[in-house]
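Please open the model in your viewer, show it as a cartoon, and keep a selection tool at hand. The stops below say what to select next and what is found there.

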Amino acid sequence: MSGRDDLIAQIMETQREMQHHFANDPANPLFTLHLTLPQLKTLLLLSAHGSIAGQELSTAMGVSLATMTGMVDRLVAQGLVTRREDPHDRRVRRIELSEPGRDLVDRFATAGTEKMRRILDRLTDDELRTVAQCSALLVNAVAQDPEPPPGCVAGFAG
């Protein structure tokens with residue numbers, strides 16, 4: 001392996017360790033959820049894209065409309081999403097996060113942000129500048145990536 005490959009492997013291992021620490025944090029809201037992974041994925045899609053027609057959501061999720069309907073029924077029963085008639089086409093039902101659904105998704109983002117803030121508070125000013133520079137480099141590299149994520153369907157991350 002070249003020096004460059006060694007550095008990339010080291011960075012990837014460090015990232016894996018960070019993900020492991022975050023994933024195994026007992027304060028992580030994921031541990032208190034009673035949702036299946038597809039239900040959680042549905043909530044995240046709705047959070048990112050707002051109101052979506054049922055057919056669009058089933059396509060983005062890669063499931064049949066009947067399967068999506070059942071999943072949405074369960075999320076409605078939990079009070080996490082709502083259905084409403086499309087104002088332009090009464091045959092179409094639009095699905096969106098309810099207030100409790102938005103709160104739940106926000107708790108995920110906030111939990112990671114709060115933990116990261118606690119971690120960053122432990123660093124010196126010089127270390128923080130280094131992390132800020134490295135983070136900016138990574139964001140720029142991501143923005144230049146011409147490849148869509150695997151499973152990307154009709155503008156939705158699948």
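This is a predicted model: local features need pLDDT of at least 70, side-chain atom pairs count only at pLDDT 80 or more; totals for chains, interfaces and linings use all residues.

**First stop: helix H3**

Select helix H3, residues 54-61, and show the side chains of Gly 54, Leu 57, Ser 58, Ala 60 and Met 61, which are its buried residues. Helices here are DSSP runs of H or I with at least four residues, strands are runs of E with at least two, and both are numbered from the N terminus; buried means under 20% relative accessible area, exposed means over 50%, and partly exposed lies in between, with a 1.4 Å probe and protein chains only.

Residues are numbered from 1 along each chain as its sequence is written, and side-chain values use heavy atoms, with hydrogens and water left out.

Just after H3, click on Gly 62, which takes a positive phi of about 75°.

Which residues is Leu 57 in contact with, leaving aside its neighbours within four places in sequence? They are Thr 42, Leu 45, Leu 46, Ile 52, Met 68, Val 72 and Ile 95, where contact means heavy atoms within 4.5 Å.

Leu 57 is also one of the residues with the most contacts inside the largest nonpolar core, together with Leu 35, Leu 43, Leu 46, Val 81 and Leu 104, and this core has 21 residues. The elements that give two or more residues to this core are H2, H3, H4, S3 and H5. A nonpolar core is a set of buried Ala, Val, Leu, Ile, Met, Phe, Trp, Tyr and Cys residues joined through side-chain atoms within 4.5 Å.

From Val 81, draw a distance to Arg 102: the two are 21 residues apart along the chain, and their C-alpha atoms are separated by 8.8 Å. Arg 102 has its place in helix H5 and counts as partly exposed, because its relative accessibility is 37%.

Ala 109 and Pro 29 are 80 residues apart in sequence, yet their C-alpha atoms are 9.6 Å apart in space.

Leaving aside its neighbours within four places in sequence, Lys 115 is in contact with His 21, Phe 22 and Asp 25.

Next, display the residues around the largest pocket, which holds about 710 Å³ of space and is lined by 16 residues, with Gln 15, Met 18, Val 131, Ser 135 and Leu 138 nearest its centre. Helix H1 (3-23), H5 and helix H6 (125-143) are the elements that give two or more residues to this lining. By class, the lining has 11 nonpolar, 5 polar and no charged residues.

The second largest pocket holds about 270 Å³ of space, and of its 14 lining residues Asn 28, Pro 29, Phe 108, Ala 111 and Gly 112 lie nearest its centre. H2 and H5 are the elements that give two or more residues to its lining, and the largest share, 6 residues, comes from H5.

Finally, select Ile 11 in helix H1, which counts as exposed at 58% relative accessibility. The C-alpha atoms of Ile 11 and Gly 50, 39 residues apart along the chain, are separated by 35 Å. Then move to Asn 24, found in the loop between H1 and H2, which counts as partly exposed at 45% relative accessibility.

Technical notes:
On a 1 Å grid over the protein atoms alone, a cavity is a set of points where a 1.4 Å probe fits but cannot get out, and a pocket is an open set with protein on both sides within 12 Å along at least five of seven lines; lining residues have an atom within 4 Å of a point. Grid points are joined across faces, edges and corners, and a volume is the space filled by probe spheres set on the points. Ala, Val, Leu, Ile, Met, Phe, Trp, Tyr, Cys and Pro count as nonpolar, Asp, Glu, Lys and Arg as charged, and the others, Gly among them, as polar.
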